[in-house]
Amino acid sequence: QLQAVESGGGLVQSGGSLRLTCVASGFTTDYGAIGWFRQAPGKEREGISCLNSDDNRANYVDSVKGRFTISTDNAKNTVYLQMNDLKPEDSAIYYCAPVLITTGLQPECVLRPIDDDSWGQGTGVTVSS
């Protein structure tokens, strides 16, 4: 069973930074791809970043490009999301999960979970203006 324990969220002022941590179980961070998702109140969950372990290539949704960075520590089976220059619209519950990888000559991770029915509790981020 795929499980993840997210932490590191909190309350921060606009322009501030946070680093989220996801400890994985049931899957390993050095195989396949892992992603971060978020869900704001009243909105659907959206994928924001993913990292392909094969080549360390990352993808980001436009709204977080240049501000967020995804990384892994495979020895700890842990995924991080460094979030800088936070904005009020970044306020949400953040989750991590294994994600799909495209096929072809240059596989890349996509912002879709492998199992859309298996999520951790997430960690909340609130950005005040």
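Start at T78: a polar atom of its side chain lies 2.8 Å from the backbone oxygen of K76. This is a predicted model, where local features need pLDDT of at least 70, side-chain atom pairs count only at pLDDT 80 or more, and totals for chains, interfaces and linings use all residues. Residues are numbered from 1 along each chain as its sequence is written, and side-chain values use heavy atoms, with hydrogens and water left out.

Stay on T78. It sits in strand β8, residues 78-83 (strands are DSSP runs of E, at least two residues, numbered from the N terminus). T78 is buried, at 4% relative accessible area (buried means under 20%, exposed over 50%, with a 1.4 Å probe and protein chains only). Now show its contacts (heavy atoms within 4.5 Å). Beyond neighbours within four places in sequence, T78 touches T21, C22, V23, T29, S71, T72 and D73.

Next, select W36, F68, L81, M83 and Y94. Within the largest nonpolar core, which has 24 residues, these five touch the most other members. Such a core is a set of buried Ala, Val, Leu, Ile, Met, Phe, Trp, Tyr and Cys residues joined through side-chain atoms within 4.5 Å. Color β3 (18-25), β4 (33-39), β5 (46-52), β7 (68-73), β8, β9 (92-101) and β11: each supplies at least two residues of this core. β3 gives the most, with four. Then pick A33, F37, V99 and C109, which are included in a second, separate core of six residues.

Finish at S129, in the segment after β11 (123-128). S129 is exposed, at 86% relative accessibility. Leaving aside neighbours within four places in sequence, S129 contacts S14 and P88. Its C-alpha atom is 34 Å from that of N77, 52 residues away along the chain.

How values were computed: Polar contact = N/O pair within 3.5 Å; in protein donor to acceptor, adjacent residues only side chain to side chain.
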